Amino acid sequence: MANPEHIPQMDGLDRLTVVLYRSGLSLGALGVALLALAPVLPVQTAALYPLVLFGAQLAALCMHLYDKRVRWFISASAHLGAWLVLTGLFAGLPLVRDAGLGFGFVTLSGFALKEQFCFRVPLLRAVPLFLALGLIPLVLDIPWAASALFGLATLPLTVLCAAKWRMPLHFDIGDKSAYQI
């Protein structure tokens, strides 16, 4: 988690995990953006779920967060979501698949709430609400309503990703001695 007053010694793995975290966050945001555009794309909406989940899982795999309980919850949500999406896609169970997307949204929401401590991005705190509300019309097959809500979530996520890529890598690491192992 960002701790700008502390400059840690970074090794190659530290740099790699920061880049992968930011890449995962960006892929997740891209997935949400594509969900917002889904009504006009020549692809089934559910085909975009793996992109959201892959981004969430990649970011969860490489997050630098001090509290182990929050780290576990965010990571477990990403993995459970991926498992449910794959199960739902292969077994033809749309509600299971959509529930998996919901868990991916829990992960992205956790990152949005985590990052709002570091950035003053308008509407970043509302990302969890937009994503959760977007699931309702998605499940009820009201694509334009889901698209609008996912579009609202995309805006602050995109601003966040741009801000993350502009800051020095060491801001994501913070004080390693403060991590709960």
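This is a predicted model: local features need pLDDT of at least 70, side-chain atom pairs count only at pLDDT 80 or more; totals for chains, interfaces and linings use all residues.
Helices (H or I, at least four residues) are DSSP runs numbered from the N terminus, as are strands (E, at least two).

## Basis of the values

Residues are numbered from 1 along each chain as its sequence is written, and side-chain values use heavy atoms, with hydrogens and water left out. Local features need pLDDT of at least 70 and side-chain atom pairs count only at pLDDT 80 or more, whereas totals for chains, interfaces and linings use all residues.

Helix α3 has 24 residues and reaches 34 Å from its first C-alpha to its last, close to the 34 Å expected at 1.5 Å a residue; the expected span is 1.5 Å times one less than the number of residues. Its buried residues are Ile-74, Ser-75, Ser-77, Ala-78, Gly-81, Ala-82, Leu-84, Val-85 and Gly-88, and what covers them includes α2 and α4.

Arg-97, which has its place in helix α4, counts as buried because its relative accessibility is 19%. Leaving aside neighbours within four places in sequence, Arg-97 is in contact with Ala-46, Tyr-49, Leu-84, Val-85, Gly-88 and Leu-89.

## The largest pocket and Asp-141

The largest pocket has a volume of about 220 Å³ and is lined by 17 residues, of which Thr-45, Tyr-49, Leu-138, Asp-141 and Pro-143 lie nearest its centre. On a 1 Å grid over the protein atoms alone, a pocket is an open set of points where a 1.4 Å probe fits, with protein on both sides within 12 Å along at least five of seven lines, and lining residues have an atom within 4 Å of a point; the volume is the space filled by probe spheres set on the points, which are joined across faces, edges and corners.

The elements that give two or more residues to the lining are α4, α5 and α6, with the largest share, four residues, coming from α6. The lining divides into eleven nonpolar, three polar and three charged residues, where Ala, Val, Leu, Ile, Met, Phe, Trp, Tyr, Cys and Pro count as nonpolar, Asp, Glu, Lys and Arg as charged, and the others, Gly among them, as polar. Asp-141 lies in the loop between α5 and α6, has a positive phi of about 60 degrees although it is not a glycine, and counts as exposed because its relative accessibility is 63%.

Leu-123, in the loop between α4 and α5, has a positive phi near 70 degrees in a residue other than glycine, and is partly exposed, with a relative accessible area of 47%.

Ser-23 has its place in helix α1 and counts as partly exposed at 22% relative accessibility. Not counting residues up to four places away in sequence, Ser-23 touches Leu-58 and Trp-165.

Technical notes:
Buried means under 20% relative accessible area, exposed over 50%, partly exposed in between (1.4 Å probe, protein chains only). Contact means heavy atoms within 4.5 Å.
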